[in-house]
Amino acid sequence: TLSLASYLLFVRRYLVIVNPVSGQGKGLPTFREKVHPILMEAGVKVELLVTERPGHARSMVSSSNLSEIDGIITVGGDGLLYEVVNGLRCRDDSDRISNIPLGIIATGSGNGLARSVAEYSKEDADYLKNPVLSTTLAAARGKVVPVNLMEVELDGRKIYSFLSVGWGLLADIDVESEVLRAIGESRFTIWSFLRLAKLRHYKAQLSYIPCERVSRDELNGTSRTSLRERDPVFIDGEFISVYSTCQSYIGSDLIFAPKAQPGDGLIHLTYMTKDAGRASATQFLLGIDKGAHLSVSGVSYVTVKEFTIRCAGGINGTITIDGERVTGEEIKIKISPRPLHVFAL
Ligand code: ADP
Ligand code: MG
């Protein structure tokens, strides 16, 4: 048996934030019945926060004393985690606090990051059988992986995004109905049909810095893979869609960038200009649930380290950051030099 002193050394404290309305509204009972017992068994002490409104988690995380906390667990979907990440990064002591391990107990209707992390650690099959158990075990075990985070500068304001930044067709669909999920499930909805029939074009300048992973062979014996940057690309044009992610899954069942790796420092950027036309736009949407969208003719797919969308007088159409809607004249996205640290099996 452990002495009291060594027990105190081993005890971990997690702040657990539950969104009671996430998913089917079962976040709180799920936590009490399925999650908490396992955490206790693993010697984790829990400080519980049940959110009362949107923005509650963000404001608590941005102002609480976290010096005694060894991890923050969200019980909900990507929206709750988005609040936590942005709350953490806007703190005065964010340099020190940004390494704090984050856990996601997947009870939301959209859990792109939890699914991505499960896939990165080859836990996909177990995650799909029981997402709550799989993510709880990861949090209890306490091992973390670095996960890409994007820094978004929107007219001088800073926002952090761990999932996706989009503009145009797919962003419209993302916001105006939660059809992204529906595409995954039923492949085609009346809603996206209508959107395709009235295909919109949006004028702006898109610029990006292509960047790719270089394997060790190409680098002559250096032991790690590294990133190779290419010359910047500028496109002044009319766009149907610009959509990017830094994870593999952007929704529970929606794989957007099958080649994404944890913490690889790459943004997967897709875009379609007006020339691509309706047929390609349709194929793009239809292909997403199978990962076939990236090879549709007229769809450009590049890995980048940063990209910018700019339009004097304001960017028309919907821009979404992790599903949240924003507006502005210039939006600049780059990989954060400080990744997230997420519990993973
Ligand atoms: P889901 O995956 O089901 O969408 P999320 O955890 O992503 O669940 O949360 C969806 C939204 O609910 C987020 O935008 C979040 O800010 C908001 N939210 C968080 N707590 C509450 C609450 N107590 N009441 C209403 N909305 C909330
Ligand atoms: Mg959500």
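**Ligand shell and helices**

Mentor: The shell around ligand 1 divides into 4 nonpolar, 11 polar and 4 charged residues. Ala, Val, Leu, Ile, Met, Phe, Trp, Tyr, Cys and Pro count as nonpolar, Asp, Glu, Lys and Arg as charged, and the others, Gly among them, as polar. This is a predicted model, where local features need pLDDT of at least 70, side-chain atom pairs count only at pLDDT 80 or more, and totals for chains, interfaces and linings use all residues. Residues are numbered from 1 along each chain as its sequence is written, with chains lettered from A and ligands numbered from 1 in the order in which they are written.

Trainee: Which residues are the closest to ligand 1?

Mentor: S22, G76, G77, G79 and G108, out of 19 that surround ligand 1. A residue is near if its C-beta atom, placed from the backbone, lies within 6 Å.

Trainee: And which helix gives the largest share of that shell?

Mentor: Helix α4 (residues 78–89), with 4 residues. Helices are DSSP runs (H or I, at least four residues), numbered from the N terminus.

Trainee: OK, how do the axes of α3 and α4 cross?

Mentor: At roughly 25°, coming within 8 Å, with α3 spanning residues 56–63. The axes are lines fitted to C-alpha atoms over the stretch in contact, and angles run from 0 to 180 degrees between N-to-C directions. The two helices are therefore roughly parallel to each other (angles under 35 degrees).

Trainee: Switching topic, which residues of α8 are buried?

Mentor: P131, V132, S134, T135, T136, A138, A139 and A140. That is 8 of the 11 residues in α8 (residues 131–141). Buried means 20 or more other C-beta atoms within 10 Å of the residue's own, placed from the backbone.

Trainee: What follows α8?

Mentor: G142, with a positive phi near 90°.

Key: Parallel < 35°, antiparallel > 145°, perpendicular 65-115°, else oblique. Buried ≥ 20, exposed ≤ 12 C-beta atoms within 10 Å, placed from the backbone.
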